[in-house]
Amino acid sequence: MGKRVWKVAVVGCGAFANWQYLPNIRKEANADIVAAVDIIPERAQKACEEYNIPNWYENVYELIEKCDFDIAIDAASIQAHHEINMAVLQAGKHLISQKPAAPTVEQLNEQIDAAKKNGVKFVCVPIHAMRYDLNIAKQMMADGTIGRPYYAKCNMSHGGPEYFQYRDADPSWFFEPGAGALVDMGVHGLQIVTTLFGAAKRISCMAAVTTPERTVRSGAFNGKKIKADKIPDQYVITLDFGDGRMALVDTGFSQKATKAPQLEVYGDCGTIAVTKPYMTNPIPDVYMDSPEKGIRGWIEPMEWENPPKRLNSQCCCLADLIDAIENDTEPVLSPEHARHILEIMCKIPEAIESGAAVELETVF
Ligand SMILES: NC(=O)c1ccc[n+]([C@@H]2O[C@H](COP(=O)([O-])OP(=O)(O)OC[C@H]3O[C@@H](n4cnc5c(N)ncnc54)[C@H](O)[C@@H]3O)[C@@H](O)[C@H]2O)c1
């Protein structure tokens, strides 16, 4: 018997879906795209034409009513995620959600419960926990390559969605309540440092609005002015993991360019530096201080005999979900990890307001 071909529906056919999901779904897994959904029907129709997709719908309810599909990928605007995700899970379909899957921990718990109740698998992106370089870094940290790892510094910023990439969809929603730099960009940095160190115990944060008015710099809305004064666009987040381990996540829509490495991890015997684009599956740079081995300097680690999986695209989350379905295992990109990150993001306003460290409750 041939392997099952999983039927995938893409909900939200904007910049990210067109960049990563629509072109890669058929390449990343034994899967076909059976439907494109967007509240702006022309976008769903365009996706159908470009990617040879048989069905388009204007909303997730029409999709559920009329289409035979197994998996939905929610790539809609952030504010729409919770409603879409609940509809998909309650319909008994497997789900990949773009980040953040929900605005509050309670709502994400509703989604996690709905997935369990309906016996379906649920994956939450971003995909950093699947990264080749981070899995190598994590293994080196466990192996003692840099001694005792105690501090990670993560830089996760760009100049804003209206600035850094070409887009034909209006980016105004990124600056409206429910969205913003923390949940769109900070979530990446928080997933990276928690992938390496596990759940944090407490966080503190400073933040500011650096650019209260923005101008769209490309595409159909080029020149449009956007009021962006409601939510901070620069965050400096510190995390305490206990046992003297900590991290700094510098994140926002406030850095037009940077030459800072995306990530460095420091230990008492060395440093791991992640400086190259992660989709190229680089091996991290390593600095070792080992008098017993006569080494004090940057080294180039060998390729491992059994290396972690390499990534082909950000659609790797689909392979993660299908693995979990076919083997009845938990996905790498678990909703419990996403819930911990969401708790951090939800408590950041309190940390900013109080100027004090705020305790965390969730683990993964
Ligand atoms: N653009 C990026 O580089 C990038 C990177 C990583 C993650 N993301 C994430 O991907 C998601 C989408 O971002 P984007 O940049 O593609 O935005 P976008 O504005 O280009 O696309 C969002 C699309 O969702 C549609 N939509 C909104 N509400 C909907 C609903 N209820 N039902 C169906 N469709 C709906 C919009 O019409 C739009 O076409 C967000 O969660 C974002 O954080 C984007």
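These entries record what I looked up in the structure above.

**Entry 1: basis.** I worked from a predicted model, in which local features need pLDDT of at least 70, side-chain atom pairs count only at pLDDT 80 or more, and totals for chains, interfaces and linings use all residues. Residues are numbered from 1 along each chain, as its sequence is written.

**Entry 2: domains.** I looked up the domain assignment, whose bounds come from an automatic or database source. The assignment gives domain 1 (6-127 + 314-332) and domain 2 (149-267 + 341-359). I noted 25 Å between the centres of domain 1 and domain 2, taken over C-alpha atoms. The contact takes 13 residues from domain 1 and 15 residues from domain 2; two residues are in contact if their C-beta atoms, placed from the backbone, lie within 7 Å. On the side of domain 1 that touches domain 2, I recorded eight nonpolar, four polar and one charged residue. Here Ala, Val, Leu, Ile, Met, Phe, Trp, Tyr, Cys and Pro count as nonpolar, Asp, Glu, Lys and Arg as charged, and the others, Gly among them, as polar.

**Entry 3: ligand.** Of the 26 residues around the ligand, G12, G14, A15, F16 and A169 come nearest; a residue is near a molecule if its C-beta atom, placed from the backbone, lies within 6 Å of it. The shell divides into 15 nonpolar, six polar and five charged residues. Helix α1 (residues 15-28) gives the largest share, three residues. Helices (H or I, at least four residues) and strands (E, at least two) are DSSP runs, numbered from the N terminus.

**Entry 4: helix α2.** In helix α2 (residues 41-51), I found R43, A44 and A47 buried. Seen down the axis of α2, the buried residues fall within an arc of 100°, so they line one face of the helix; the arc is that of the directions from the helix axis to the C-beta atoms. These buried residues pack against β1 (6-11), α1, β2 (31-37) and β3 (55-57). The face turned away carries the exposed residues E42 and E49. A residue is buried if 20 or more other C-beta atoms lie within 10 Å of its own, exposed if 12 or fewer, and partly exposed in between, with C-beta atoms placed from the backbone. N52 follows α2 and has a positive phi, near 55°.
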